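Please look over the structure shown below before reading on. The paragraphs that follow lead through it step by step.

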Amino acid sequence: MTMEAAHRFPHKHLLSLEDLSRDDIGLVLSVAASLKEISTRSIKKVPTLRGKTVINLFFEPSTRTRLSFEIAAKRMSADTYNIAAATSSARKGESLVDTARNLAAMAPDVIVIRHACSGTPQLLTNHIDASVINAGDGAHEHPSQGLLDLMTVQEHKGRIAGLTVAIIGDIAHSRVAHSNIIGFTKMGARVRVAGPATLIPPGIARLGAQVCSTMHEAVDNADVVMALRIQTERQNESLVPSLREYARFFGISSRTIAAAKPDAIIMHPGPINRGVELDPALADGPRSVILEQVTNGVAVRMALLYLIMGGN
Amino acid sequence: MASPHPPLLLKNGRVIDPVSGTDKRCAILVADGRIAGTGKQFRASSLPAGARTIDLRGKWLCPGFIDMHVHLREPGEEYKETIASGTRAAAAGGFTAVACMPNTRPVNDCATVTALILEQARHAPARVYPVGAISQGSRGEALAEYGELKKAGAVAVSDDGRPVTNGQLMRRALEYAGNFGLRIISHAEDLGLSGVGVMNEGDLSTRLGLRGIPRPAEDIMVYRDISLACYTRRPIHIAHVSTKETVALIRWAKANGCQVTAETAPHYFTLTEEAIGKYNTLAKMNPPLRTLEDVAAIKAGLADGTIDAIASDHAPHSPLEKEVEFDLAANGIIGLETAVPLALELVRAGVLTEARLVELFSVNPARILGVEGGTLAEGARADLTVIDPARKFVYTRDMVVSRSANTPFLGQTFHGKAVLTIVDGMITHSEL
């Protein structure tokens, strides 16, 4: 690699964006920007991480994130192994700590973990020497998603500082929202959130977000509008009465988006409930950057693996 | 428990006996398991043959401390704690007696289990007062047999660990317990509100992405229980108070003549939710650790008499229950060995007087449970706790007497601890 980084990445693990400084984030984004080109070559592979072992340890179903990490590692020539909860010993009642110790005995360099319980990546670091990358833990954080969202906005707007970002939907249960609120505010953007009050958690303002009581207030003059996935089970928990009502009052439509800046972009971390949190016409329309987010996901994860395994 | 052992002359100690209003340096003579006399000094010729003299200069001599809320885990979870190991931890922590909660396996909801506990405790170094269940199996459906429980030796009833969800059942429990002079100890929690929560709900739970338990989950049920106690004219005891609103409710209820008593645990006046840090499961309990405001309110409640007792809520768990994902970790920490040192911090800080400390640990628990104790009067049972307020120590893993070591206080430096514990005139723990 020919990367000249004035700032070295000082972290062994990536557990949350809270742990990263502005400079750390800037470094990830610039490395990701230069690695992105690799994915456009006819031979999409560089030897940088040859001989390194990356284990994707996924305790929750995931297609996009798991595949994105796997492709990122393979394009850097690392060896990757996927463990899905359905086939792992977690099903046989093995504790996470035992799983960690067994994996540690096989000397991986990086473990990418997704787990339904917040804080599980932290627990893993207590019992394993390998680097740990959080690929989403409970309602806590999804830092690589936050970084790929920052990268996508940076590409489109040329900057992050000074922008207004509206995040709409289930803030309470969304690790994507948490990482984005932390990441965007850290990089100097203003973040507004809106959604059913039942899905706006206490203390979200403390993370740096401005809580808006109406959709219009949140979206008004925004540069970025991000919809979050609404889980169907929220209906059973009395958090929203029905998806139909949700779509009507909290879904992002062309009417809602009219209040945003004319060049505002529309984002979604996927997978989309089409017609619920986002009008399909908008998802597929010219302002949507949803598929670019996916493309940038690979670049950001290549950068993370590269930086965490010691750079060059 | 009584067996022949030499008389003891405990001299030069600061004798603190709030019931008689005593707080002065004097000597106490113990013989035949009873307090045989109190005086400035005893003439050698007046001492019984074979009496052993112990110099307690600089120490406090108090009526035996009673921890009215512990989990001894036997029967059923002996890998966490046994009656033997738990009572050794009690003695080491300065307690002469403990009241053990019924959430064992099986639940202590009948005379057989109560009798088994008492049989196992026969030679234990601390008295064990079993607490029976409010409902059969603590399932919250049908009353347990309070008459049988009382006859077998239960001193109170509680479904601790689980709230009594059904208001009607709680009302009937209060009424029926009155027939047998058993007090209801309430674990007050609205399960609908606490839901799948694992910590206090607020800024920090949002930041950590953990589900919160809002404060009303406790307050609402405390009010229900106070209301039912007033209505039925029966006494009720509120366990492990954690919120400032609960303190205010209890203060109000007492001012209005309700027979309500309450306890809190040392972690609720010492720690806040911040102790969770990076998902430390040793700071996970139910009710959850709250905020600085709650800590302040609980201290005020301890000082002004709103809260009657300090109880450890000693809850042993093995690493199998604690070295796991935060959401999956069991609630609770051990506390028998740190309760007195943590409460002594409040005395050092001027929050509590020495006499108030003795009320909270001895006089009031004895009164609430209706058991002998809490006094140094002549003829009283010689259950005694001696405190060295100047003893400085670091609480290390090696010191832990309990079978489990799930405590966030390991490594902490304390100033003051119980250095001599005497039950029935017999020394059960000494590090003079």
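**The fold of chain A**

In chain A, among contacts with a separation of 6 or more, 74% are between residues 24 or more positions apart. The model discussed here is a predicted one. Chain A contains 11 helices and 9 strands. Its radius of gyration is 19 Å, close to the 20 Å that the globule rule gives for 312 residues, so chain A is as compact as a globular protein of that length. Along the principal axes, the C-alpha trace of chain A spans about 55 × 45 × 35 Å. Of the 312 residues in chain A, 50% are buried.

The domain assignment divides chain A into domain 1, made of residues 17–141 + 294–308, and domain 2, made of residues 143–290. Taken over C-alpha atoms, the centres of domain 1 and domain 2 of chain A are separated by 25 Å. The two domains touch: 23 residues of domain 1 of chain A are in contact with 20 residues of domain 2 of chain A. On the domain 1 side, helix H1 (22–35), S4 and H11 of chain A each supply at least two of the touching residues. H11(A) provides the largest share of that side, with 6 residues. Sorted by class, the side of domain 1 of chain A that touches domain 2 of chain A has 11 nonpolar, 6 polar and 6 charged residues.

**A helix in chain A**

Which residues of H2(A) are buried? They are A:Thr65, A:Arg66, A:Ser68, A:Phe69, A:Ala72, A:Ala73 and A:Arg75. These buried residues pack against strand S1 (53–58), strand S2 (79–84), strand S3 (110–115), strand S4 (131–137) and helix H11 (290–308) of chain A. S4 and H11 of chain A are also among the elements that supply residues to the side of domain 1 that touches domain 2. Just after H2(A), A:Ser77 takes a positive phi of about 75°.

**The fold of chain B**

Chain B contains 13 helices and 18 strands. A compact globule with 432 residues would have a radius of gyration near 22 Å, and chain B has 21 Å, which agrees. Taken along the principal axes, the C-alpha atoms of chain B fill a box of roughly 70 × 45 × 45 Å. Buried residues account for 58% of the 432 residues of chain B. Among the contacts in chain B with a separation of 6 or more, 76% are between residues 24 or more positions apart.

For chain B, the domain assignment gives domain 1 as residues 8–61 + 379–430 and domain 2 as residues 64–369. The C-alpha centres of these two domains of chain B lie 26 Å apart. Between them, 29 residues of domain 1 of chain B are in contact with 40 residues of domain 2 of chain B. Strand S16 (384–394), strand S17 (413–423) and strand S18 (426–430) of chain B each supply at least two residues of the domain 1 side. The largest share of that side, 7 residues, comes from S17(B). By class, the side of domain 1 of chain B that touches domain 2 of chain B has 15 nonpolar, 10 polar and 4 charged residues.

Helix H13 of chain B covers residues 354–369. At 1.5 Å a residue, its 16 residues should span 22 Å, and its end C-alpha atoms are 22 Å apart, which agrees. The buried residues include B:Leu360 itself, together with B:Glu359 and B:Phe361. Just after H13(B), B:Gly370 takes a positive phi of about 70°.

**Where the two chains meet**

How many residues of chain A are in contact with chain B? In total, 22 residues of chain A are in contact with 16 residues of chain B. Helix H3 (96–104), helix H4 (120–125) and helix H6 (175–186) of chain A are the elements that give two or more residues to the chain A side. H4(A) gives the most, with 3 residues. By class, the side of chain A that touches chain B has 9 nonpolar, 9 polar and 4 charged residues.

Conventions: Residues are numbered from 1 along each chain as its sequence is written. Chains are lettered from A and ligands numbered from 1 in the order in which they are written. This is a predicted model: local features need pLDDT of at least 70, side-chain atom pairs count only at pLDDT 80 or more; totals for chains, interfaces and linings use all residues. Two residues are in contact if their C-beta atoms, placed from the backbone, lie within 7 Å. Helices (H or I, at least four residues) and strands (E, at least two) are DSSP runs, numbered from the N terminus. Ala, Val, Leu, Ile, Met, Phe, Trp, Tyr, Cys and Pro count as nonpolar, Asp, Glu, Lys and Arg as charged, and the others, Gly among them, as polar. The expected span of a helix is 1.5 Å times one less than its number of residues. A residue is buried if 20 or more other C-beta atoms lie within 10 Å of its own, exposed if 12 or fewer, and partly exposed in between; C-beta atoms are placed from the backbone. Domain bounds come from an automatic or database domain assignment. The radius of gyration is taken over C-alpha atoms; the globule rule is 2.2 Å times the number of residues to the power 0.38.
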